[in-house]
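Let us walk through this structure, starting inside one chain and ending where two chains meet. Keep the 3D view open as you read.

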Amino acid sequence: MFREVVFFESLFKSNLWIWALGWLFHVGLALVLLRHLRYFTEPVNFIIAFIQPFGMYAGFAMAAGLAGLWARRFLVERIRYISTPSDHLMLALLLGIAVTGLAMKFLMHTDVVAVKTFFLGLMVLRNQSAACAPRPLPASGHGRAADDRVPRQQAAACPRRVLLADPQPGRQPARNPPSGALGGQNSRIRRTDMADETTPVAVAPPRPSQPPPPPSRPKRPRSSPRPIATSRPSRP
Amino acid sequence: LKFDAMVESNPYVAAAAHNESVGFPGTLVDGWEQKAVAKMGELLGKYRSLRVYMDACVHCGACTDKCHYFIGTGDPKNMPVARQDLMRSVYRRYYTLPGKLFPKLVGARDMTKDVLDDWFRYYNQCSECRRCSVFCPYGIDTAEVTMAAKEIMDSVGHGHKYVNEIIGKVHKIGNNLGLPGPALENTLEGLEEDVWKTPAPRSSIRSTCRAPKYCWSRLRPTSSPSRTSTA
């Protein structure tokens with residue numbers, strides 16, 4: 001069963017071409033999906049961090065496998081006979097996913113930091129502050145500007161505190177820079193759909209020795225509700 | 001591929017008497033299209049595997065060159081996946097949303113006489129050997145699809161002669177060849193005579209028996225009335 005699921009054993013015995021192309025595609029897709037977990041989790045699991053470079057090759061492998069499988073539908077007479085339009089449509093959609101994904105990496109680069117901030121906020125239906133923008137990866141250059149401003153431990157601890165517990169009302173935010181002070185890359189991360197700039201953005205002072213507060217329901221006065229992030233952050 | 005290579009070789013449809021003798025309608029019933037589709041729904045509800053087989057296939061083509069009936073005839077509809085698709089196209093038309101909305105897109109077909117003729121022709125060319133399911137990455141069992149199709153055809157009165165007639169004979173006469181009692185008796189008597197009269201070749205007895213003398217004596221009815229052989 002394991003061999004069948006992971007290595008497609010009976011397909012290997014049946015037809016080497018289909019096996020090679022199909023396995024290339026499926027393994028590529030699995031790696032690519034795992035690689036994308038880094039945009040939705042914080043902290044990033046070390047396994048996910050480890051497979052990042054392999055995920056890039058997997059993207060090409062996936063596209064190559066799909067292209068080969070699609071070519072079979074045109075070139076092999078038997079396969080051409082049994083193909084329905086929906087089979088072509090499936091391959092076209094999957095190939096579209098692969099190609100657009102690779103294009104976002106190599107042709108029109110996407111601001112993955114903003115993407116991650118957005119999705120982490122979307123998961124708890126709350127905005128993320130720019131200062132707490134999580135770094136996409138350890139030793140990744142994308143979040144460097146955020147690192148300069150926020151100490152390392154704080155950046156790591158920040159999302160959880162922001163997501164789970166609000167600061168006490170009335171407490172002065174310690175490290176919240178005034179609006180407009182953020183420059184460079186962070187001005188893009190800085191959301192314009194915050195309710196207003198006076199809303200305290202939760203950045204707790206660094207307390208690495210102290211565990212984060214328990215995830216209790218926030219007792220926030222409902223006077224100034226923040227809008228829920230439901231769209232992509234607008235970019236200049 | 002030799003398209004429609006087997007179109008001319010239609011199997012015989014069972015006579016009404018034979019169909020009725022095994023509890024099926026004698027001839028193709030009125031409104032058989034709806035009844036066939038309803039029967040398919042009944043089988044789909046009864047056998048979860050059939051529904052999975054109908055849904056799971058992605059037309060990868062691994063089975064296409066594995067069927068000896070396809071290799072022998074070259075008729076593309078004898079490829080296991082194409083054979084299943086004869087039924088899958090009808091399944092998609094009546095039991096899936098895409099097939100109801102976009103029949104052309106997913107290759108769905110209405111239940112028509114042409115489709116039934118194709119079923120009768122090609123499902124009866126499948127001997128349910130299950131060679132294709134060994135090679136299918138999903139483990140789809142064409143034999144089960146074939147069984148379901150044959151059951152549907154039987155239920156609307158379109159059975160195969162050499163299936164229903166033979167089963168009818170088993171029920172009516174008692175054996176699949178339809179030999180009447182006296183004829184069978186006579187045949188067995190003749191066989192018995194041959195067995196006792198014909199001397200068995202010595203070499204074969206020796207090679208298969210540990211104690212040739214003993215075995216040989218056991219085989220003679222005169223010397224040993226108990227007819228148990230040790231060989």
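Start in chain B. There α4 (68-73), α5, α8 and α9 (142-155) each supply at least two residues of the lining of the second largest cavity. Helices here are DSSP runs (H or I, at least four residues), numbered from the N terminus. A cavity is a set of points, on a 1 Å grid over the protein atoms alone, where a 1.4 Å probe fits but cannot get out; lining residues have an atom within 4 Å of a point.

This is a predicted model, in which local features need pLDDT of at least 70 and side-chain atom pairs pLDDT 80 or more, while totals for chains, interfaces and linings use all residues. Residues are numbered from 1 along each chain as its sequence is written, chains are lettered from A and ligands numbered from 1 in the order in which they are written, and side-chain values use heavy atoms, without hydrogens and water.

The second largest cavity has a volume of about 110 Å³. Volume means the space filled by probe spheres set on the grid points, which are joined across faces, edges and corners. Of its 15 lining residues, the closest to the centre are Cys67(B), Cys126(B), Cys129(B), Arg130(B) and Cys132(B). The lining holds seven nonpolar, three polar and five charged residues. In this scheme Ala, Val, Leu, Ile, Met, Phe, Trp, Tyr, Cys and Pro are nonpolar, Asp, Glu, Lys and Arg are charged, and the others, Gly among them, are polar.

Now the largest cavity. Its volume is about 140 Å³. It has 17 lining residues, and Cys57(B), Cys60(B), Cys63(B), Cys136(B) and Ile140(B) are the closest to its centre. α5 (80-95) and α8 (131-135) of chain B each give two or more residues to this lining. α5(B) gives the largest share, three residues.

Turn to the interface. Here 18 residues of chain A are in contact (heavy atoms within 4.5 Å) with 25 residues of chain B. Arg78(A), Tyr81(A) and Ile82(A) supply 37% of the area that chain A buries against chain B, more than any other three residues. Buried area is the accessible area (1.4 Å probe) lost on putting two parts together, summed over both. The total is about 1,700 Å², with 62% from carbon and sulfur atoms.

Which residue of chain B forms a salt bridge with Arg78(A)? It is Asp65(B), with the closest N and O atoms 3.9 Å apart. A salt bridge is a side-chain nitrogen of Lys or Arg within 4 Å of a carboxyl oxygen of Asp or Glu.

Methods: Contact means heavy atoms within 4.5 Å. On a 1 Å grid over the protein atoms alone, a cavity is a set of points where a 1.4 Å probe fits but cannot get out, and a pocket is an open set with protein on both sides within 12 Å along at least five of seven lines; lining residues have an atom within 4 Å of a point.
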